[in-house]
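Subject: Structure handover

Hello,

I am passing this structure on to you. Please open it alongside this message and read the notes below with it in view.

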Amino acid sequence: MQDAVEKTPPTSPLASPEPWDLVADAYAAELVPQFELFATDALRIAALPAGGRVIDVATGPGTLAMLAAKTGATVSAIDFSPTMIANLNRRAVEAGTAIDARLGDGQALPFADDTYDGAFSMFGLMFFPDRAKGLQEMRRVLRPGGRAVVSSWAPFDRPFALVMESVRAMLPNLPFGEGKAPLGDPSAFADEMTAAGFREVRIESVSHSSTASSLSECWSMIQRTTAPIVLLRHKLGEQTWDKVARGVFERLQGALGEGAVTLTFNAYLGRGVK
Ligand SMILES: C[S@@+](CC[C@H](N)C(=O)[O-])C[C@H]1O[C@@H](n2cnc3c(N)ncnc32)[C@H](O)[C@@H]1O
């Protein structure tokens with residue numbers, strides 16, 4: 001019994017809906033254009049037949065789901081954060097798009113076997129406590145010959161790496177130990193996809209950048225839109241957070257100066273065929 005307790009891995013704060021609910025509105029308002037760039041890469045890599053069936057697992061506000069629907073695909077989407085799903089539904093109504101959006105766990109998909117031409121999980125499955133189950137579920141719902149694309153972060157560039165370093169000390173069990181994300185090693189990433197039964201597995205690197213006109217603007221955007229930081233802010237309360245935020249800002253200022261800041265995000269996209 002003691003053994004079983006000791007072997008249970010610590011739960012990441014990003015494996016529960018809470019931080020995603022807290023960040024969902026700002027994420028939908030501010031981050032979607034940036035994440036759409038990676039979703040567009042994933043759709044290109046999948047190279048699906050026109051008008052096929054697509055599932056977006058851990059869809060958030062429907063970033064990839066909405067793009068796929070615009071190409072004429074029939075789209076299902078699932079996320080465990082009610083506020084993310086509410087944002088997806090609002091965006092779909094505004095765009096006049098129909099998406100079968102469900103609230104649920106990506107590790108147990110409420111969809112039939114052999115259904116989809118494409119299955120995607122962009123920066124979502126990487127946070128699942130049981131990634132093998134998540135990958136197996138994506139494969140199960142794909143039709144034979146269907147393609148999966150899953151994404152994760154390559155090591156962060158210096159400005160964002162400094163932010164995450166500052167926060168990691170205050171928020172234990174964040175899944176970015178020593179700067180590396182889950183599925184953040186391309187060869188281990190390929191092995192996990194292969195072990196889940198995918199063939200022709202290929203990992204591609206892609207990067208996208210955005211520039212804020214000043215460090216203060218960049219830091220306020222990060223405080224509104226980055227799930228672990230929004231969670232920490234919520235846990236600490238505004239008064240304590242103000243002090244922490246000033247400390248992080250001074251550290252960033254010391255390292256980066258006060259001018260414009262370019263954040264470059266490097267991602268790995270893993271593709272496999274059922
Ligand atoms: C960084 S966001 C990515 C959202 C979207 N895929 C995108 O590319 O913009 C991560 C998403 O994964 C979802 N998520 C994390 N674990 C999940 C799980 N076990 N089941 C369903 N959704 C999950 C979160 O609620 C959040 O919406």
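The notes below go from the ligand to the strands, then to one helix and a few loop residues.

Please keep in mind that this is a predicted model.

The ligand

The shell around the ligand holds 19 residues, and Tyr27, Ala58, Thr63, Asp79 and Met122 come nearest. By type, the shell divides into nine nonpolar, eight polar and two charged residues. Helix H2, residues 17–46, gives the most to this shell, with three residues.

In the side chain of Asp79, an N or O atom is 2.6 Å from an oxygen atom of the ligand. The backbone contributes too: a nitrogen atom of the ligand lies 2.9 Å from a backbone N or O atom of Gly106, and a polar backbone atom of Met122 is 2.9 Å from a nitrogen atom of the ligand. Taken alone, the ligand exposes 590 Å², and the protein buries 97% of that.

The strands

Strand S4 covers residues 116–121; six of its six residues are buried, so S4 is largely enclosed by the rest of the structure. Strand S1 (residues 53–57) runs parallel to S4 and is joined to it by three bridges. Within this pair, Phe120 of S4 stands opposite Asp56. S4 also pairs with strand S5 (residues 142–153), again in the parallel sense, over five bridges. Here Tyr116 has Leu142 of S5 as its bridge partner.

S1 is mostly covered as well, with four of its five residues buried. Strand S2 (residues 74–79) is parallel to S1, and five bridges join the two.

Helix H3

Helix H3 spans residues 63–70, and seven of those eight residues are buried, so H3 is largely enclosed by the rest of the structure. The buried residues are Thr63, Leu64, Ala65, Met66, Leu67, Ala68 and Ala69. What covers them? The cover includes H2, S1, S2, helix H4 (82–95) and S4. After H3 comes Gly72, with a positive phi near 100°.

Loop residues

Most residues other than glycine have a negative phi. Two residues here depart from that pattern. One of them is Asp114, which is not a glycine but has a positive phi of about 55°. Asp114 lies in the loop between strand S3 (100–103) and S4. Is Asp114 buried or partly exposed? Its relative accessible area is 45%, so Asp114 counts as partly exposed.

Leu183 also has a positive phi, near 65°. Its place is the loop between helix H6 (158–168) and helix H7 (186–195). Leu183 has a relative accessible area of 6%, under the 20% cut-off, and is therefore buried.

Ser214 sits in the loop between strand S6 (199–212) and helix H8 (215–225). With a relative accessible area of 18%, Ser214 falls under the 20% limit and so is buried. Leaving aside residues up to four places away in sequence, Ser214 touches Glu258, Gly259, Ala260 and Val261.

Regards

Notes:
Residues are numbered from 1 along each chain as its sequence is written. This is a predicted model: local features need pLDDT of at least 70, side-chain atom pairs count only at pLDDT 80 or more; totals for chains, interfaces and linings use all residues. Side-chain values use heavy atoms; hydrogens and water are left out. A residue is near a molecule or strand if one of its heavy atoms lies within 4 Å of it. A polar contact is a pair of N or O atoms within 3.5 Å; within protein, one must be able to donate a hydrogen and the other to accept it, and residues adjacent in sequence count only if both atoms are side-chain atoms. Accessible areas come from the Shrake-Rupley method with a 1.4 Å probe; for residues, only the protein chains shown count as cover. Ala, Val, Leu, Ile, Met, Phe, Trp, Tyr, Cys and Pro count as nonpolar, Asp, Glu, Lys and Arg as charged, and the others, Gly among them, as polar. Buried means under 20% relative accessible area, exposed over 50%, partly exposed in between (1.4 Å probe, protein chains only). Contact means heavy atoms within 4.5 Å. Two strands pair if DSSP finds at least two bridges between them.
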